Amino acid sequence: MKKLVLILCFALAASARVIETQEHALASVGKNLTRQTFFLTKEQAAAAGAESQLVIRYKSADGVYAYFDTHRVRTEPETVMIVVDANGAISRVDILSFNEPTDYFPKRRWLDQFLGHKLDNELSLKGAIRPISGASLTGAAIVNASRKILAIHRVLPK
């Protein structure tokens, strides 16, 4: 019986990688979101540092935009939702999935450092964002994703 419980615990821990679904995250942004699809020019994609020319974002009636970004942290992927307010500043960063060890998972107060930041030199680990002790790759990945999303947001029509 102990072996069965131990195996079940390991199985649950191994599959517990999705923290929040996109649908649930979007519902927390607002109601009546409009999905928008854009195809960046090669110049826009290069300027924004985007790997893909396809951009999907969700717009609320009050001018709030939600973007999703999936990227590699160390060896495993992570998906974040970055919400940009009507002034072009980050109003929220949520981690939806995280496949790295939980030791590298950032706390909410670390993520809250991003709030109110626009695309400038302060949005960096050498600027206003404090590094995460023992999880520097996680911090760099989220900073890079935030900068990329704000750069993409800047080139898209409002």
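How many bridges join E3 to E4, and which way do the two strands run? The points below take this up along with the rest of the fold.

1. Basis. This is a predicted model. The protein has five helices and five strands. Read from the N terminus, the elements follow the order α-α-β-α-β-β-β-β-α-α.

2. The strand pair in question. E3 and E4 are joined by eight bridges, and the two strands run antiparallel. Within E4, Val 80 is the residue that stands opposite Asp 69.

3. The sheet as a whole. Five strands make up an open sheet, ordered E1-E2-E3-E4-E5, with antiparallel pairing. Strand E1 (34–39) and E5 are at the edges and have a single partner strand each, so one side of each lacks a neighbour in the sheet. From one strand to the next, the twist averages 25°.

4. Helices on the sheet. Helix H2, residues 22–29, packs on the sheet and touches E2, E3, E4 and E5. The direction of H2 makes about 165° with that of E5. H5 also packs on the sheet, and the strands touched by H5 are E2, E3, E4 and E5. Here the angle is given against E3: the direction of H5 makes about 135° with that of E3.

5. The largest core. In soluble globular proteins, nonpolar side chains tend to be buried together. In this model, the largest nonpolar core has 33 residues. Tyr 67, Ile 82, Phe 114 and Ile 142 have the most contacts inside this core. At least two core residues come from each of helix H3 (42–48), E3, strand E4 (77–84), strand E5 (90–98), helix H4 (108–111) and helix H5 (136–155). H5 gives the largest share, eight residues.

6. Which residues does Ile 82 contact, leaving aside its neighbours within four places in sequence? They are Tyr 65, Ala 66, Tyr 67, Ile 90, Arg 92, Val 93, Ala 145, Ser 146 and Ile 149.

7. Aromatic pairs. Searching the whole structure gives three aromatic pairs. In one of them, the ring centres of Tyr 58 and Phe 68 are 6.0 Å apart and the planes are at 80°, so this pair is edge-to-face. Tyr 58 is in strand E2 (residues 54–59) and Phe 68 is in strand E3 (residues 65–72), so the pair ties together parts that lie 10 residues apart in sequence. Are these two residues buried or exposed? Tyr 58 has a relative accessible area of 13% and is buried. Phe 68 is at 18% relative accessibility and also counts as buried. Another pair is Trp 110 with Phe 114: the ring centres are 5.2 Å apart and the planes at 70°, so this pair is edge-to-face. Trp 110 and Phe 114 are both buried, and Phe 114 is one of the residues with the most contacts inside the largest core.

8. Overall figures. The protein has 158 residues, and 41% of them are buried. Of the contacts with a separation of 6 or more, 51% are between residues 24 or more positions apart. The accessible surface is about 9400 Å², and carbon and sulfur atoms account for 57% of that surface.

Technical notes: Residues numbered from 1 in each chain as written. Heavy atoms only, no water. Phe/Tyr/Trp six-rings, centres within 6.5 Å; stacked < 30°, edge-to-face > 60°. Helix = DSSP H or I, 4+ residues; strand = E, 2+ residues; numbered from the N terminus. Buried < 20%, exposed > 50% of the residue type's maximum accessible area, 1.4 Å probe, protein only. Contact = heavy atoms within 4.5 Å. Areas by Shrake-Rupley, 256 points an atom, 1.4 Å probe, with all protein chains shown as cover. Core = buried A, V, L, I, M, F, W, Y, C linked by side-chain atoms within 4.5 Å. Pairing = 2+ DSSP bridges. Axes fitted to C-alpha atoms, helices over the stretch in contact; angles between N-to-C directions.
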